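Please look over the sequence and the structure before reading on.

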Amino acid sequence: MKRRMMLYFGSFNPVHNGHTALAEMVIERDLCDELAMIVSPRNPLKEDSMLAAELDRFSMAEAACAASRYPERIKASAVEFLLPRPSYTIDTLRYLEQTCGQRMQFSILMGADLVLTLDRWKEGGAILDRYPIYVYPRTGYDVSGIDSRVHYLADAPVFDYSSTDVRKTLRSGGDASSMIAPGVLKYIGEKGLWSTEEYLGQLDDMIAGNPSDTESLMERGRLFYRRNKWGEALNDFGRVLELQPGNVEASRMREMINEILEFRYTDIYNP
């Protein structure tokens, strides 16, 4: 009898606890015998300037799978790294059928956001015709008109954060330990992925290229504020107010910094 292999495609940039929980759920519900987290080189329909290197994302996925409740049944896969680019799901499925089809039958796990774009995928209709697709909810996505061939997991766990939120937390110097596995967090720290310093460098470059970029100025000012770099933060918020005199947040942030400085530095002995 063929083993039922569920394929969970994604950038996993980085993999977080929500990804792992969904993988554990389909195992526990006996929807598959094994699940492969297939780390994609890049989604052809999505550009992401914050995409970590392929092997870094694969290594993090390996760490998350190893920390799951079913490490022998949930594994990371780098199969798409070996295939021609750009990476299309239908091409990966055909490769897997040729190499593993004699001993495995495949299904697919995806989010509600992705299934709604299936008509834009290369040979999306062929994927629907040939493979069972299991879809989990994503906040803000209505699947009421979903194709009847799709299995909607309405009661699957929903997490109020995404990989984007994890990256934002890391870049701002926040604590992401509640969103990602300890091994993943350790790897990110060792590799310096999505660090505040890296992000500040990117913001510096954007502002150098466009000194009137108020969005980047605000973001850099917030980072300076969180790092207690009051002078740099004041400069950025002041520049925003020169460009946008009515910017409420910039005005409020500047007032907060001035209050901090007035409280802390009251005489020549406490510069």
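The model is predicted. It contains zero disulfides. Helix pairs described here are α2 with α7, α8 with α9, and α9 with α10.

**Cysteines**

- C32 takes part in no disulfide, and the nearest cysteine sulfur, in C65, lies 12 Å away.
- The sulfur of C65 is too far for a bond, because its closest cysteine sulfur, in C32, is 12 Å from it; a disulfide needs the two sulfur atoms within 2.5 Å.
- C32 is buried, with a relative accessible area of 0%.
- C65 is also buried, at a relative accessible area of 3%.

**Helices α2 and α7**

- Helix α2 spans residues 54-66 and helix α7 residues 182-191; their axes are 8 Å apart and the packing angle is about 150°.
- The angle therefore makes α2 roughly antiparallel to α7, the cut-off being over 145 degrees.
- The crossing of α2 past α7 is right-handed.
- On the α2 side the contact is formed by L55, D56, S59, M60, A63 and A64, and on the α7 side by G183, V184, Y187, I188 and K191.
- Sorted by class, this contact of α2 with α7 comprises seven nonpolar, two polar and two charged residues.

**Helices α8 and α9**

- Helix α8 covers residues 196-209 and helix α9 residues 214-226, with axes 10 Å apart and a packing angle of about 150°.
- α8 passes α9 with left-handed geometry.
- From α8, the residues T196, Y199, L200, L203, D204, M206 and I207 meet S216, L217, E219, R220, L223 and F224 of α9.
- The contact of α8 with α9 holds eight nonpolar, two polar and three charged residues.

**Helices α9 and α10**

- Helix α10 is made up of residues 230-243, and its axis comes within 8 Å of that of α9, crossing at roughly 155°.
- That angle means α9 is roughly antiparallel to α10.
- The α9 and α10 crossing is left-handed.
- T214, L217, M218, R220, G221, R222, F224 and Y225 are the α9 residues in this contact, and they meet W230, E232, A233, D236, F237, R239, V240 and L243 of α10.
- By class, the contact of α9 with α10 divides into nine nonpolar, two polar and five charged residues.

Note on methods
Residues are numbered from 1 along each chain as its sequence is written. This is a predicted model: local features need pLDDT of at least 70, side-chain atom pairs count only at pLDDT 80 or more; totals for chains, interfaces and linings use all residues. Side-chain values use heavy atoms; hydrogens and water are left out. Buried means under 20% relative accessible area, exposed over 50%, partly exposed in between (1.4 Å probe, protein chains only). Axes are lines fitted to C-alpha atoms, for helices over the stretch in contact, and angles run from 0 to 180 degrees between N-to-C directions. Helices (H or I, at least four residues) and strands (E, at least two) are DSSP runs, numbered from the N terminus. A crossing is left-handed if the near helix is turned anticlockwise from the far one by less than a right angle, and right-handed if clockwise. Contact means heavy atoms within 4.5 Å. Ala, Val, Leu, Ile, Met, Phe, Trp, Tyr, Cys and Pro count as nonpolar, Asp, Glu, Lys and Arg as charged, and the others, Gly among them, as polar. Angles under 35 degrees count as roughly parallel, over 145 as roughly antiparallel, 65 to 115 as roughly perpendicular and the rest as oblique.
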